[in-house]
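Please read the following report alongside the sequence and the 3D structure.

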Amino acid sequence: MDLGLDGKVALVTGSSRGIGRGIASRLVEEGADVVFCARGAETLEDAVAAVAGPGRAHAVVADVSTEEGAAAVVEGAVSAFGGLDVVVNNVGGSGASTFDGLDAEDLEAVLRKNVVPAVLVSRAALPVLRTRGGGVIAMVASIFGRELGGGPGYNLAKAAEISLAKTMARDLAKDSIRVLSVSPGSVLFAGGSWERRQREDPEGIAAFVQRELPWGRFGTVDEIADVVTFLVSQRASWVVGTSVVVDGGQSRAF
């Protein structure tokens with residue numbers, strides 16, 4: 001299937017590793033020119049060096065939880081590739097694991113890891129997307145933004161991202177800017193939290209997999225990246241405002 005991504009310009013936040021790196025790499029493989037973005041220069045350059053075309057890859061080191069960083073990554077796309085068509089807000093992170101630990105400082109930190117970058121990068125991208133005549137903005141949320149799960153701050157932040165995507169989808173349709181969110185389940189990758197937990201508590205994680213994951217395994221980065229790549233393509237032009245679940249049947253919500 002031709003996804004129509006040849007010549008499109010995309011940026012993916014948090015793309016030095018894990019799901020973000022997988023999405024950015026798949027977009028390059030499908031012919032898009034992609035800005036990889038993260039705070040760490042070394043891992044970011046490794047990700048860009050490893051990707052195979054036909055699209056091009058460019059690295060921008062930026063902290064997108066700040067207005068300056070969000071502006072820098074958008075400017076990097078325009079400078080490197082002449083514009084911007086697709087924004088994937090992937091950067092995120094967790095906080096306290098229980099409500100007892102959810103004080104004001106923790107709540108602010110987890111929102112700044114997840115919701116604030118999505119708002120700032122999307123707002124920075126709007127003028128460029130409008131100049132292009134439209135585009136796509138995707139939020140990488142979580143099934144734990146749709147139902148109970150994870151720490152309370154993380155649960156709250158991911159629900160906020162799904163809600164934000166819905167609101168933006170209605171507001172920006174007039175500009176031909178399509179907005180949606182994706183809700184992955186538990187995904188195992190090198191350097192990720194599930195790998196760390198599996199290393200620290202192999203028996204506990206094995207029990208979690210047996211109890212919570214119907215297919216008896218974690219999801220993979222490629223399984224998420226393939227869906228996101230389709231969703232930001234022209235082939236998914238009528239997918240607007242919704243949150244697409246990619247979780248192997250893990251979640252219990254309808």
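## D171 in helix α5

D171 belongs to helix α5, which spans residues 152-172. Helices here are DSSP runs of H or I with at least four residues, strands are E runs of at least two, and both are numbered from the N terminus. With a relative accessibility of 45%, D171 counts as partly exposed. The terms are set by relative accessible area: buried is under 20%, exposed is over 50%, and partly exposed lies in between, using a 1.4 Å probe and protein chains only. Between the C-alpha atoms of D171 and A253 there are 27 Å, and the two residues are 82 apart along the chain.

## Basis of the model

This is a predicted model, in which local features need pLDDT of at least 70 and side-chain atom pairs count only at pLDDT 80 or more, while totals for chains, interfaces and linings use all residues. Residues are numbered from 1 along each chain as its sequence is written, and side-chain values use heavy atoms, with hydrogens and water left out.

## The sheet

Seven strands form an open sheet with parallel pairing, in the order β3-β2-β1-β4-β5-β6-β7. Two strands pair if DSSP finds at least two bridges between them. The edges are β3 (57-61) and β7 (243-246); each has a single partner strand, so one side of each is left without a neighbour in the sheet. On average, neighbouring strands of this sheet are turned by 20 degrees against each other, direction ignored. Such angles are taken between axes, which are lines fitted to C-alpha atoms (for helices over the stretch in contact), and run from 0 to 180 degrees between N-to-C directions.

## Strand β1 and its partners

Strand β1 covers residues 9-13 and pairs with β2 (residues 33-38) in the parallel sense over 5 bridges. T13 has C37 as its bridge partner in β2, and V12 stands opposite F36 of that strand. β1 also pairs with β4 (residues 86-89), again in the parallel sense, over 3 bridges. There, V86 of β4 is the bridge partner of A10.

How many residues of β1 are buried? The count is 5 of 5. Both faces of the strand are covered, with V9, L11 and T13 on one side and A10 and V12 on the other.

A right-handed β-α-β unit is made by β1, helix α1 (residues 18-29) and β2. Right-handed means that, with the strands pointing away from the viewer, the path from the first strand over the helix to the second runs clockwise. Helix α1 has 12 residues and reaches 17 Å from first to last C-alpha, close to the expected 16 Å. The expected span is 1.5 Å times one less than the number of residues. Because 10 of its 12 residues are buried, α1 is largely enclosed by the rest of the structure. Among the buried residues of α1 are G18, I19, I23, R26 and L27.

Another right-handed unit consists of β2, α2 and β3. β2 and β3 pair in the parallel sense over 5 bridges, and the bridge partner of V34 in β3 is A57.

## Helix α4

G133 follows α4 and has a positive phi, near 90 degrees.

## Backbone exceptions

Most residues other than glycine have a negative phi, and most peptide bonds are trans. S176 is not a glycine, yet its phi is positive, about 60 degrees. S176 lies in the loop between α5 and β6 and, at 47% relative accessibility, counts as partly exposed. The peptide bond from G53 to P54 is cis, with omega near 25 degrees. P54 sits in the loop between α2 and β3.

## Nonpolar cores

A nonpolar core is a set of buried Ala, Val, Leu, Ile, Met, Phe, Trp, Tyr and Cys residues joined through side-chain atoms within 4.5 Å. The largest has 34 residues, of which I23, L27, V34, F36, V88 and V232 touch the most other members. The elements giving two or more residues to this core include β1, α1, β2 and α8 (221-231). Apart from it lies another core of 30 residues, among them V64, A118, L164 and A165.
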